[in-house]
Amino acid sequence: MRILDLAYILALGAGIGLGTAHWAVAGRPAIGRVEVGAWTAWPGSGSREVDPYMRAYLARGVHLPLGSGEGLELIAERDDAGQPLDGRCRYKLSGATPTARGWTIGITDGDGLPFRLPLARTSFTDSEIVRPEDGSLSIIAAATPEAGNWLPLPASGGFQIRLRLYDTPISSQTGETRVANLPRIARIDCR
Amino acid sequence: MSAVSHDPPQRRHSPLAAWRPRLRAGFTRFVMTTLAGLILAGIVHIVTILAIPTLSRHDAAHAYRVLGADGHAEPIPLPGNARGLPALREADPNVVTAICSYDLSAGPMRVVARTGTPPLGLTLHRQGGGVLYAITDRAAIRGTLEFLVMTEAQRDERIAADEEGETSRELRVVSDTEQGLIVARVLLRLPSDRADAEALATGVACGAANQG
């Protein structure tokens with residue numbers, strides 16, 4: 001009976017221990033996450049003192065996160081109302097971007113890869129977008145063509161919007177960034 | 001009659017009464033072993049999380065160890081390249097990335113980057129995760145970024161070799177691992193900048209620092 005007990009303890013320990021470890025680092029870990037409006041960032045991932053969960057997540061694939069002094073990556077999987085982003089809808093990105101030497105905004109799948117769409121426009125840089133007279137940002141993300149700054153979306157299914165800021169002072173104080181300083185993501189309509 | 005009517009309940013009660021302590025002991029044992037299993041699970045979880053970066057052979061530091069061996073940064077491989085190297089995950093398509101791997105067992109490494117119009121950033125990624133150092137071209141002096149990567153022992157050696165009373169002008173970055181990657185990223189503002197950006201990124205020189 002002792003052996004049975006020991007086997008039960010070992011099986012439980014190994015099963016739950018390994019299972020939860022795999023689950024914790026299969027995606028970007030919840031620890032170290034900073035949420036500002038619809039945007040999520042992991043500012044600690046590019047520092048010397050990266051937390052063990054992020055370190056394990058990064059070590060499981062070929063990742064090279066942006067350094068804290070180099071830039072910051074923000075990921076949105078939901079719109080401002082909290083609804084998951086869906087290719088069947090149209091979205092308007094507007095507002096401001098934080099002070100940065102340059103930025104890029106792109107559409108990717110859940111793994112951070114660009115979609116293979118007929119029109120190879122997966123992202124915009126700050127120099128590429130057309131701005132109105134007041135200099136504000138306005139990008140439409142939709143599966144069907146739009147006038148102005150148009151980011152094509154897949155016909156259906158979830159996607160991510162990734163905003164990468166280069167040489168920005170906000171990477172060290174991401175938590176204090178106000179929602180108004182980041183682009184808003186508003187759903188226009190859905191098919 | 002009374003004896004007949006009294007006997008069966010006694011017989012029914014006695015096995016239950018005998019089983020109750022056994023059931024209780026079994027339940028206690030189950031709870032104790034489950035608790036022990038959960039404590040072991042916690043330990044296994046923590047050890048696994050801490051061991052993954054050390055044991056992983058699929059991270060960027062291992063995958064790109066061959067890049068930059070000839071003293072210049074090499075662009076990151078595209079998916080399906082001839083060398084069989086894995087592509088970088090979550091890469092920005094508007095950025096040109098070049099990599100120089102370092103191995104400090106033979107001595108410190110000198111990194112020299114020329115700057116240009118497109119924004120350039122250099123980062124030092126140690127093996128096992130963590131960005132040790134990041135510098136952008138805004139810190140360039142006369143269009144050049146230059147620093148030395150060394151271990152703590154090599155830095156102590158260099159400080160000891162410094163001229164008495166003179167401060168060294170070189171920028172020394174200490175890496176706590178002997179191996180790692182130097183990553184040069186150049187932002188492509190416009191697609192037409194690609195040639196310039198590639199020249200800047202691959203123009204980063206990383207060779208052995210000559211002593212003295």
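1. Start with a loop. Arg142(B) lies in the loop between S5 and S6 of chain B. Its phi is near 50°, a positive value in a residue other than glycine. Most residues other than glycine have a negative phi, and most peptide bonds are trans. Is Arg142(B) buried or exposed? Arg142(B) is exposed, with 5 other C-beta atoms within 10 Å. Keep in mind throughout that this is a predicted model.

2. Now take a second residue with a positive phi. Glu90(B) has a phi near 55°, and Glu90(B) is not a glycine. Where is Glu90(B) found? Look in the loop between strand S1 (74-75) and strand S2 (95-103) of chain B. Glu90(B) has 20 C-beta neighbours inside 10 Å, so it counts as buried. The cut-off for buried is 20 or more.

3. Next, the make-up of chain B. How many helices and strands does chain B have? There are four helices and nine strands. Along the sequence, the pattern of chain B reads α-α-β-β-β-β-β-β-α-β-β-α-β. The radius of gyration of chain B is 32 Å, while the globule rule gives 17 Å for 212 residues. Chain B is therefore more spread out than a compact globule. Along the principal axes, the C-alpha atoms of chain B fill a box of roughly 115 × 50 × 30 Å.

4. Burial and contacts in chain B come next. Of its 212 residues, 35% are buried. Consider contacts in chain B between residues at least 6 apart in sequence. Of these, 74% join residues at least 24 apart.

5. Look at the core. In soluble globular proteins, nonpolar side chains tend to be buried together. The largest nonpolar core here has 81 residues. Which members touch the most other members? They are Ile99(B), Val111(B), Ile182(B), Ala184(B), Val186(B), Ala201(B) and Val204(B). Follow Ala184(B) through its contacts, leaving out residues up to four places away in sequence. Ala184(B) touches Ala73(B), Ala98(B), Ala113(B), Leu120(B), Leu122(B), Ala201(B) and Val204(B).

6. Chain B has an open sheet of four strands. Their order is S7-S6-S3-S9, and the pairing is mixed. Strand S7 (172-174) and strand S9 (205-208) of chain B stand at the edges. Each has a single partner strand, so one side of each is left without a neighbour in the sheet. From one strand to the next, the twist averages 25°.

7. Strand S6 (residues 144-150) of chain B and S7(B) run parallel, joined by three bridges. In this pair, Met150(B) stands opposite Val174(B) of S7(B). Helix H3 (residues 152-161) of chain B packs on the sheet and touches S6 and S7 of chain B. The direction of this helix makes about 150° with that of S7(B).

8. Chain A has an open sheet of six strands. The order is S1-S2-S3-S9-S5-S6, with antiparallel pairing. Which strands stand at the edges? Strand S1 (34-36) and strand S6 (123-125) of chain A do. Each has a single partner strand, so one side of each lacks a neighbour in the sheet. Neighbouring strands of this sheet are turned by 20° against each other on average, direction ignored. Glu35(A) stands opposite Thr40(A) in S2(A).

9. Six bridges join S4(A) to strand S10 (residues 184-190) of chain A, and the two run antiparallel. Here Tyr91(A) stands opposite Arg187(A). S4(A) is also joined by five bridges to strand S7 (residues 137-142) of chain A, again antiparallel. There Ser94(A) stands opposite Ser138(A).

10. Last, the interface. Chain B has 46 residues in contact with 48 residues of chain A. Five elements of chain B each supply at least two residues of the side that touches chain A: helix H1 (2-55), helix H2 (60-63), strand S4 (120-126), strand S5 (131-136) and strand S8 (179-187). Which one gives the most? H1(B) does, with 15 residues. By type, this side of chain B divides into 23 nonpolar, 15 polar and eight charged residues.

Technical notes. Residues are numbered from 1 along each chain as its sequence is written. Chains are lettered from A and ligands numbered from 1 in the order in which they are written. This is a predicted model: local features need pLDDT of at least 70, side-chain atom pairs count only at pLDDT 80 or more; totals for chains, interfaces and linings use all residues. Two residues are in contact if their C-beta atoms, placed from the backbone, lie within 7 Å. Ala, Val, Leu, Ile, Met, Phe, Trp, Tyr, Cys and Pro count as nonpolar, Asp, Glu, Lys and Arg as charged, and the others, Gly among them, as polar. Two strands pair if DSSP finds at least two bridges between them. Axes are lines fitted to C-alpha atoms, for helices over the stretch in contact, and angles run from 0 to 180 degrees between N-to-C directions. The radius of gyration is taken over C-alpha atoms; the globule rule is 2.2 Å times the number of residues to the power 0.38. A residue is buried if 20 or more other C-beta atoms lie within 10 Å of its own, exposed if 12 or fewer, and partly exposed in between; C-beta atoms are placed from the backbone. A nonpolar core is a set of buried Ala, Val, Leu, Ile, Met, Phe, Trp, Tyr and Cys residues joined through C-beta atoms within 7 Å.
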